[in-house]
Amino acid sequence: MKSVRRLLLALAIGLLIVPAASRADDAPDPYSGLASQSFEDIAQAITTLAASGNPQAAPTIAALQNETLFVTPDQALLIKTDDGYTNARTGEKVADVVEDDLANVRVNNAVRRAIEAASGALDLVSPDPATRLRAAAQVFTSRDPTSLPLLGAALAKETNAQVRTALLQAQAAAQLASNAGSEADQLSAVATLLARGDIEAKSLLGSLHDNPQAVLAKATAAIASIERMERLWSLAQGLFYGLSLGSVLLLAAAGLAITFGVMGVINMAHGEMVMLGAYTTYVVQSAIAAAAPGLMGFSLMFAVPAAFLVSGLIGVLIERTLIRFLYGRPLETLLATWGLSLVLQQAVRTIFGSSNRDVTTPGWMSGSDAVMGLTITYNRLYIIAFAVVVIGLLMAVLRYTALGLRMRAVTQNRRMASAMGIRTPWIDALTFGLGSGVAGMAGVALSQIDNVSPNLGQSYIIDSFMVVVFGGVGNLWGTVVSALTLGIVNKFLEPFAGAVLGKIVVLVALILFIQRKPRGMFPLKGRAVEQ
Amino acid sequence: MSTVRSWLRGAGIAATALAAFLGSAGLGASQAQAQGTIKVGILHSLSGTMAISETTLKDVMLMLIEEQNKKGGLLGKKLEAVVVDPASNWPLFAEKAKELINVDHVAAVFGCWTSVSRKSVLPVFKETDNILFYPVQYEGEESERNVFYTGAAPNQQAIPAVDYLMANDKVKRWVLAGTDYVYPRTTNKILEAYLKSKGVAAEDIMINYTPFGHSDWQNIVAEIKKFGSAGKKTAVVSTINGDANVPFYKELGNQGIKATDIPVVAFSVGEEELAGIDTKPLVGHLAAWNYFESVKSPVNTAFIKTWHDFTKKPNRTTNDPMEAAYIGFNMWIKAVQKAGTVDQDKVIDALVGVAVPNLTGGLSTMMPNHHITKPVLIGEVKADGQFNVVWSTPGTVVANEWSPYLEGSKDLIADWRAPMSCGNFNVKTGKCGGAN
Amino acid sequence: MTIGPVSGSLLYLNGVSVSFDGFRAINNLSLVLEPGEMRAVIGPNGAGKTTMMDIITGKTRPNEGQVIFGAETDLTRLDEPAIAALGIGRKFQKPTVFEPLSVWDNVLLALAGDRRPRFSLWARETAEERDRIEEILGIIRLGELRTRQAAGLSHGQKQWLEIGMLLAQEPKLLLVDEPVAGMTDSETEQTAELLREINRTRSVVVVEHDMAFVRALGVKVTVLHEGSVLSEGSIDHVSCDPRVVEVYLGR
Amino acid sequence: MNRLSTTICVILVLGLASLMAILNLATDAGSALHVPTYAVSLVGKYLCYAILALALDLVWGYAGILSLGHAAFFALGGYAMGMYLMRQIGTRGVYGNAILPDFMVFLNYKDLPWYWHGFDNPAFALLMAVLVPGLLALVFGWLAFRSRVSGVYLSIITQALTYALLLAFFRNDMGFGGNNGMTDFKDMFGLPLQADATRAGLLVASAVMLCACLLVARFVVTSRFGKVLIAVRDTEARTRFLGYRPESYKLFVFVLSAIMAGIGGVLYVPQVGIINPGEFAPAGSIEAVIWVAVGGRGTLVGAILGAVLVNAGKTYLTGAFPELWLFALGFLFILVTLLLPKGVLGLLQRARS
């Protein structure tokens, strides 16, 4: 600890006042430490290296972070670059490297924490505010007291308000964790953390022991109030969980609301349409990775239409070759499509293998953000948005386009429609295609949160049917409402009943509900349905 | 009258259908004798929910058999693999096991993944006195004469992992998260007892069970985060089963739980499972196994090469159950050679004490309790989906088939050598047969 | 025994209204039917003829109003089987018979008697049941087709079979919905005759908009429009009622 | 046609079963005539499935109730039997606990849950095996038919029912062994389950029960009750206006069918040697529907034929073409629904004329 403090002081001064390359020359040679087998030595070496002011320090630590730092049998350290290897110590190129006797410099979580602390400290004064922000956050988690002087210095010249608060919080964390500074400082630090008021703040406050009594007292009070906030927010949080689960259900069921709800086809292969969508995402991503890695971030933008087309076309194909012979025999469609789903599953298994496929989540979709007391995970947020868009489009198509008009005409009165010159078989095919296509798009979303495996569809088919039936067959709004209801109810039950019981309760409730309203929440009324 | 005819036709169809496979039964048998091959049964699901994990083991068995035949087979005969698909359906496992043994007359069966499939076929192997090699880590609490367990028992996986986290990350608070079936239940029970014996307070242990294929982890992960915010270093011990892992880790990554904050150590997540996940957010999370693909040893390098050549997929991963299958197969080969026959009775006796190289560069031995000795490795997930071995036991560990931490089994031991030859010998009562 | 709303009336509808999603199918409808009477109910499409029948037979519950059968039975409290058991038979617009069953079995199932499963499970055809079926088959002129599957009958034959089933039911009141829709003239003629014959023993309500047929029946006519009674009286009376003319011919 | 087919079916089932049993017991393994025990219990399993299919055809074929959860009744019967067999293991379990089954021992149960009491008595267990499915069907059916839930809606909630049961039985806290269910049975009614004689006996028993169920079902559908049922299936409204109460007819046949399914489960468990929540999987129920469709809906005999054909096919294909059998099965279902709406039996009828 002591040496670390010294080094960071040195570093601070070095960075802030005069360039001092040779302040830490009494420190042990870090490079030999990095080559060691013990994680303690490596962690130690990192801090020393960071302090040494050696121009090679940054690239070396970076290499360590990216797992491109290797040890040769004779303890030399090499950095792997796109064009061959360079010597970590000197930075000059190294020829004739025998890859097989190279070993990664060993990294574990302890080492990683050291790296983060070091680079965190280094970045506190980086010109880029975003980097400073990240650095501050890292110091906040590492709570490294040796970065206190640095924090002070950084705060002194920090102008960006956001970064400033982050720095203050980091400072507070470091102070409290190390019981440094006057009682007054610590009290204000507790206040800062209370203002931050999130789980990390709470956990930090909870970890205090040997601080002054007054501080500890204030900390416990702070924890209490943070927890009060948490309880308050947990309702909203549950709502968010429910919404996101609901929108997943909605996406999964939307296609079925067309093929089953509107067309009356008990489409057991619906899940497989979703699955195909997910696999399309995988194919698109691998294609992009191969052809234009730069576009990876946009891969989903390509995947969505692709999935729609793939599933949609297959849907049309199915309708033309199978479903159309079975109209008016809904239960037969159940059997045929069930057989179909077996075939599709096995086909995918044969083509892609039976193990899961890796679908990467683009950066802008991963991670989460704390909005007040809420944790909003981006992928969930985007899925909710996506669901809204998909349903919106679907309704628009049905309501405002000529195709939609014809679809409704055909499904409401086939004979009349054909009498009016609508080519009903063609419309049937398109309707089924539309439903399948929507299922495909759902697959893209699901690939972001679930397995991409041949069984993907199976795990959603039952829920999808529940959603459609609960909402009332043939009523898209019903599907929306029922999906969200089921999602939210499920999520509010889970904490009390647990995941399994919660689901059981929902199912039983659903059965009983159907007894009360045999045609779902929003049944289509009138004589037409009776016959 | 004509109705009768048509009906007899119907009967005909049914009868022929029956005859078809009953006949194929007899046929298969006669062929086995004729060709003078030694048949080996492979009983892994190629369809249904478990196909994800089990198909690989089918492939590796085919590879091993091919390799063995290249070396001239066994006892001068070629080995012949008989592959069937129990389709992740437990009763079908029993049926297929019977088929392999009674119809194809296999010398031994390599198969099963889930405990329930093993339990389902158990009576079949006892009844027909055949041999099953079971290549997956499991909950223990079992030792049968006809079954050889080459996967890890809880003490060869779970306990060392916990020890590592206690020592290196100073973990004080534990979340035991698992899928609600027998392996996690038992493992967590053992761990709970173990942790308490190490002075962990009850309120510092959180146990959570979820159904198979659980896909919405939002509030559970949030709960874990909350649990970890009590100011003590917290770790998650995950016995979550295959399918549910991908969404679980995705949720972890998204809710920003980094390994440096709350490390997750898993017992059912290997290279195969990681292949289905974007591992960048997961770097540093741990897994405890007895083998990792990244292990540097000549025999492992060779194994990986043959695997890639055999599957013609240069990036197909290997994993721990594959090693277990590899060890089991070689043990069987060696035992058969030792016994000079494939006769199950003799081979079963010959197997105890057989030692073969494992892929981590050491030797694994079949112990009298029909479990094997193996090293325990702790690996951290790397960005490339491989594991970085950060700790391993100095030597190999012997399996506790009966956990000393469980009420019902602490007095039990298994030893299949004469004179004891008992799977649940009670040292208290000195009698075979459990508690009494 | 209290006296019915209008003493001696067989069927008494008073201020009955029902609406589906805001649309008022029946609007404050009142109607009295004497025992033994045959009544023709006419009206343009959507006048609420079929809905009225639905209400009487318990298929639809009215939002308000009374529906009294006989002396004091409130039909709004009963469901279809109970009402049928009281002796109200109904013939659908579209002939609905049990297609997979034989003509004979269709009538057999319609015969008045115990309807409970535990009875029908052990029931065997009795001699008098046979005689009754023969008799009815005679009336509806399907004697030769008794073993034929109902699915194989012509449209008119199905209409008759259905009427025959209603007879077998031995109802006090018969509700007949557009019996001659899609019939040939001769069939129509025979049907009119058949109805008159039935009317000798029971009350009948016929919903029709084939004026010729109604005229042929020569009975009191009730004209429905937009769910309520527009006009009532003899066919000549209603057909010169200006409101009726307007409704039918429009302006 | 129908009476005849029934007769032939009965003769065939009883004949084949007893023949196999005799050949299995009387001849020794060497002889060409010998039927391996493996085949005996395999066919026994088919016959149990056939009972399930028959039960399903009774409700689907004759009352138009497409139950996508019928395997639930089968499984419940199976569980009742499983609980009895479990209790019979006694001290032969790995922990040697006289009262508690093994899974309870390692889940630290101190004593038997109340609902496990009495299952050591075979009569009680068998009673429960028909009572529990029957009651469930009664309650569920009463609710559903009374409020006129029909068609697809009914199918979906039957599916919800079995799905809920699936999840429930997966829970280890339920005290039914969780995912592993119950297995490693030793003997029933004092007879060792592994013995050939017991196996052969079970096969014959299954055959007899199947025929009994077939005859009962046949009696029901040919009675006036059956005619009403068909009337209800095709023109429910009409039957109401004739004064029939379709709900009570449906309810009766639904309960009867559930009980039959339960009986199937009872015979199934000792022959396959395991009962676990997997039996509740909705997929299982759907497959049963497909057996009926393949054989020929609404013919009773067809259901039996379908169950045996599909399962025999499955056994053969999973062995012969482990990688491809799902294709075969899938296409079979597609083709049957497209080309044989009346199933194999319908094909035979057409072949006749």
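These legends go with close-up views of a predicted model.

**View 1. Chain B on its own, as a whole fold.** Start with the overall build: chain B carries 12 helices and 17 strands. For 436 residues, a compact globule would come out with a radius of gyration near 22 Å, and chain B, at 23 Å, agrees with that. Of those 436 residues, 63% count as buried. If you take the contacts in chain B between residues at least 6 apart in sequence, 68% of them link residues at least 24 apart.

View 2. Across chain B the mean pLDDT is 87, with 91% of the residues at 70 or more. Confidence is lowest in helix α1 of chain B (residues 2-35), where the mean is 46. At the other end of the scale is strand β4 of chain B (residues 132-134), where confidence is highest, at 97. Residues 1-17 of chain B have pLDDT below 50, and that stretch makes 26 contacts in the model beyond near neighbours in sequence. Residues 19-34 of chain B are also below 50, and this stretch has 17 such contacts. A word of caution here: where pLDDT is low, the predicted coordinates should not be read in detail.

**View 3. Where chain B meets chain A.** Here 46 residues of chain B touch 45 residues of chain A. On the chain B side, the elements that each supply at least two residues are α2 (51-70), α5 (158-169), α7 (218-227), α8 (242-254) and β14 (387-392). Helix α8(B) gives the most, with 6 residues. Sort the chain B side by class and you get 14 nonpolar, 20 polar and 12 charged residues.

**View 4. Where chain D meets chain B.** This contact draws on 54 residues from chain D and 57 residues from chain B. Elements of chain D that put two or more residues into the side touching chain B are α1 (2-26), α2 (37-63), α4 (102-106), α6 (151-170), α12 (301-320), α13 (325-339) and α14 (343-352). The largest share of that side, 9 residues, belongs to α12(D). By class, the side of chain D that touches chain B holds 29 nonpolar, 21 polar and 4 charged residues.

**View 5. Two helices packing inside chain A.** Two packed helices are described by the angle between their axes and the distance between the axes. In this pair, helix α13 of chain A (residues 299-321) lies against helix α18 of chain A (residues 424-446) at an angle of about 145°, and their axes are 6 Å apart. The crossing of α13(A) with α18(A) is right-handed. The residues in this contact split into 16 nonpolar, 9 polar and 3 charged.

**View 6. Chain C on its own.** Chain C is built with 10 helices and 10 strands. Its C-alpha atoms take up a box of roughly 55 × 45 × 35 Å along the principal axes. A compact globule of 251 residues would have a radius of gyration near 18 Å; chain C has 18 Å, so the two agree. Buried residues account for 43% of the 251 in chain C. For contacts in chain C between residues at least 6 apart in sequence, 67% join residues at least 24 apart.

Note on methods
Residues are numbered from 1 along each chain as its sequence is written. Chains are lettered from A and ligands numbered from 1 in the order in which they are written. This is a predicted model: local features need pLDDT of at least 70, side-chain atom pairs count only at pLDDT 80 or more; totals for chains, interfaces and linings use all residues. Axes are lines fitted to C-alpha atoms, for helices over the stretch in contact, and angles run from 0 to 180 degrees between N-to-C directions. Helices (H or I, at least four residues) and strands (E, at least two) are DSSP runs, numbered from the N terminus. A crossing is left-handed if the near helix is turned anticlockwise from the far one by less than a right angle, and right-handed if clockwise. Ala, Val, Leu, Ile, Met, Phe, Trp, Tyr, Cys and Pro count as nonpolar, Asp, Glu, Lys and Arg as charged, and the others, Gly among them, as polar. Two residues are in contact if their C-beta atoms, placed from the backbone, lie within 7 Å. pLDDT is the predictor's confidence in each residue, from 0 to 100. The radius of gyration is taken over C-alpha atoms; the globule rule is 2.2 Å times the number of residues to the power 0.38. A residue is buried if 20 or more other C-beta atoms lie within 10 Å of its own, exposed if 12 or fewer, and partly exposed in between; C-beta atoms are placed from the backbone.
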